[in-house]
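Welcome! Please take a moment to look over the sequence and the structure below before reading on.

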Amino acid sequence: MPRVSEDHLAARRREILDGSRRCFAEHGYDGATVRRLEEATGLSRGAIFHHFRDKEALFLALAHEDAERMADVAAEQGLVQVMRDMLDHPEDFDWLGTRLEIARKLRSDPEFRSEFLARSIDLEAATLARLERQRSAGRLRDDLPTEVIVAYLDLILDGLITRLASGHRGSDLHAVLDLVEESVRRSRTE
């Protein structure tokens with residue numbers, strides 16, 4: 001039997017993740033049946049579950065991948081920039097609907113919550129490190145612990161995701177992000 005190359009396996013895994021992301025975003029976790037996952041990926045259940053032990057492992061891999069993408073941008077440009085990118089390029093954020101499903105599973109599935117939180121440390125660490133650099137450079141307010149500012153930005157991010165996933169694309173959201181950014185900056189009068 002011929003061996004399948006690592007490149008082929010990686011491409012197949014990517015194909016599964018991309019198709020599954022669309023399926024979870026459109027139908028939710030519970031509505032993304034194995035049949036729908038097969039249709040969305042164009043692959044058989046055997047091919048899908050050769051790469052992922054079950055539907056939850058597939059969903060967790062998507063959640064982790066999305067957190068990594070956000071962590072990369074947050075580390076370089078800040079969490080507010082992640083939010084601006086969501087507004088300016090919604091086509092690049094096909095995972096918004098999936099993020100709502102993640103929130104639902106975090107609330108209702110303790111095992112998923114434990115695994116997801118363990119994997120989400122990168123995003124929080126990237127955000128925290130960037131804010132600490134901003135604080136050291138004198139650009140971030142210093143009257144609050146950095147962890148409080150991270151929690152604040154996370155709340156804003158969750159609200160923005162909910163708004164966008166529900167179809168709200170109002171231009172006022174850019175002004176809201178301006179307000180958020182201004183609220184975490186050090187006052188110019190200091």
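Predicted model: local features only at pLDDT ≥ 70, side-chain atom pairs only at ≥ 80, totals over all residues.

The protein contains 10 helices and zero strands, and of its 190 residues 39% count as buried.

**The whole protein**

- Along the sequence, the pattern reads α-α-α-α-α-α-α-α-α-α.
- The C-alpha trace spans about 70 × 35 × 30 Å along its principal axes.
- Among contacts with a separation of 6 or more, 68% come from residues 24 or more positions apart.

**Helix 6 by itself**

- Helix 6 covers residues 96–108.
- Its 13 residues should span 18 Å at 1.5 Å a residue, and the C-alpha atoms at its ends are 19 Å apart, which agrees.
- Buried in helix 6 are Leu-96, Thr-98, Arg-99, Glu-101, Ile-102 and Lys-105.
- An α-helix has 3.6 residues a turn, so residues three or four places apart point the same way.
- The buried residues of helix 6 pack against helix 1, helix 4 (55–77), helix 5 (79–88), helix 7 (110–119) and helix 9 (146–165).

**Where helix 1 meets helix 6**

- Helix 1 (residues 6–31) packs with helix 6 at an angle of about 35 degrees, and the two axes lie 8 Å apart.
- The two helices make a left-handed crossing.
- From helix 1, Arg-21, Phe-24, Ala-25, Gly-28, Tyr-29 and Asp-30 take part; from helix 6, their partners are Gly-97, Thr-98, Glu-101, Arg-104 and Lys-105.
- The residues of this contact divide into three nonpolar, three polar and five charged.

**Phe-59, a buried residue in helix 4**

- Phe-59 sits in helix 4, and it counts as buried because its relative accessibility is 0%.
- Leaving aside residues up to four places away in sequence, Phe-59 touches Phe-24, Tyr-29, Thr-98, Glu-101, Ile-102, Lys-105 and Phe-112.
- Among these partners, Phe-24 and Tyr-29 belong to helix 1, while Thr-98, Glu-101 and Lys-105 belong to helix 6.
- Phe-59 and Ser-20 are 39 residues apart along the chain, and their C-alpha atoms are separated by 8.1 Å.

**Asp-109, between two helices**

- Asp-109 is placed in the loop between helix 6 and helix 7.
- Is Asp-109 buried or exposed? With a relative accessibility of 16%, Asp-109 counts as buried, because the cut-off for buried is under 20%.
- A polar atom of the Asp-109 side chain lies 3.2 Å from the backbone nitrogen of Glu-111.
- The Asp-109 side chain also reaches the backbone nitrogen of Phe-112, at 3.1 Å.
- Phe-112 is also one of the residues that Phe-59 touches.

Conventions
Residues numbered from 1 in each chain as written. Heavy atoms only, no water. Axes fitted to C-alpha atoms, helices over the stretch in contact; angles between N-to-C directions. Helix = DSSP H or I, 4+ residues; strand = E, 2+ residues; numbered from the N terminus. Left-handed = near helix turned anticlockwise from the far one by under 90°. Contact = heavy atoms within 4.5 Å. Nonpolar A, V, L, I, M, F, W, Y, C, P; charged D, E, K, R; others polar. Expected span 1.5 Å × (residues − 1). Buried < 20%, exposed > 50% of the residue type's maximum accessible area, 1.4 Å probe, protein only. Polar contact = N/O pair within 3.5 Å; in protein donor to acceptor, adjacent residues only side chain to side chain.
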